[in-house]
Amino acid sequence: MDGYESGGAGSGAGAGAAADAGGRGLWVEEPARRRRMPDPVRSSAVRAVLIVAVTLTQATITFFLTLTTSWLAFPMALGAVAATIVATWGVLDVLITRQAWNQRYGVLSEPSSTARARRREARRTAAAERAARKAAPARISREDGPLAGFGRR
């Protein structure tokens, strides 16, 4: 009598003591391995699963009606074809909803370390160019240039 029977839910006050004494309780919270799907994606996935389940059931019934040469086989086959089209739409709806949600809300704006290093390098290069421009001799002004005689009068 170990585990459930000795310190489980049926023993009243002893259940809490068994869990506190280091034994594993009946309900243990474990962290989720993956994040929860967004609500629109989850609802379309549930809808798609229900549609596919009904379609598979209808296809199975159609198959057995065909084996028994029932008069219902042909109308059921037409319904199964229509249900297959609807099930395909349901699965595509999940993929499209998921993609649309990711494009709207899924981008996390956190630059990676590579992007940070590239920006740092670009800043250094720009600073070096500015310093080189300041250290270089100034441009020849218009009044002193070779075409000074053709300038303003």
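Three salt bridges turn up when the whole structure is searched, a salt bridge being a side-chain nitrogen of Lys or Arg within 4 Å of a carboxyl oxygen of Asp or Glu. The structure is a predicted model, in which local features need pLDDT of at least 70 and side-chain atom pairs count only at pLDDT 80 or more, while totals for chains, interfaces and linings use all residues. Residues are numbered from 1 along each chain as its sequence is written, and side-chain values use heavy atoms, with hydrogens and water left out.

## Overall architecture

The chain has five helices and zero strands. From the N terminus, its elements follow the order α-α-α-α-α. Helices (H or I, at least four residues) and strands (E, at least two) are DSSP runs, numbered from the N terminus.

Of the 153 residues in the chain, 13% are buried. Buried stands for under 20% relative accessible area, exposed for over 50%, and partly exposed for values in between (1.4 Å probe, protein chains only). The chain has an accessible surface of about 13,400 Å², and carbon and sulfur atoms contribute 61% of that surface. Accessible areas come from the Shrake-Rupley method with a 1.4 Å probe, and for residues only the protein chains shown count as cover.

Among contacts in the chain with a separation of 6 or more, 49% are between residues 24 or more positions apart. A contact means heavy atoms within 4.5 Å.

## Salt bridges

| Side-chain pair | Distance, N to O |
|---|---|
| Arg 42 and Asp 39 | 2.2 Å |
| Asp 93 and Arg 47 | 3.0 Å |
| Arg 124 and Glu 121 | 3.6 Å |

Arg 42 and Asp 39 are both in helix α3, three residues apart, which is about one turn of the helix. Arg 42 is partly exposed, at 26% relative accessible area.

Asp 93 counts as buried because its relative accessibility is 18%. Arg 47 is partly exposed, with a relative accessible area of 38%.

Arg 124 and Glu 121 are both in helix α5, again three residues apart, or about one turn of the helix. Arg 124 has 52% relative accessibility and so counts as exposed, whereas Glu 121, at 43%, counts as partly exposed.

Thr 62 belongs to helix α3 (residues 39-67). The relative accessible area of Thr 62 is 8%, so this residue is buried. Leaving aside residues up to four places away in sequence, Thr 62 touches Ala 73, Met 76, Ala 77 and Ala 80.

Gly 79 lies in helix α4 and is partly exposed, with a relative accessible area of 23%. Between Gly 79 and Thr 62 there are 9.0 Å in space, C-alpha to C-alpha, and the two are 17 residues apart in sequence.

Thr 69 sits in the loop between α3 and α4. Although Thr 69 is not a glycine, its phi is positive, at about 50 degrees. Thr 69 counts as exposed because its relative accessibility is 68%.

## Surface patches

Patches are made of residues with over 30% relative accessible area and no salt bridge; like charges are joined within 9 Å, and nonpolar side chains (Val, Leu, Ile, Met, Phe, Trp, Tyr) within 5 Å.

A nonpolar surface patch consists of Val 91, Leu 92, Leu 95 and Ile 96, which together have about 370 Å² of accessible area. Leu 92 is in helix α4 (residues 73-105). With 44% relative accessibility, Leu 92 counts as partly exposed.

Arg 123 is located in helix α5 (residues 113-135). Arg 123 counts as exposed, at 52% relative accessibility.
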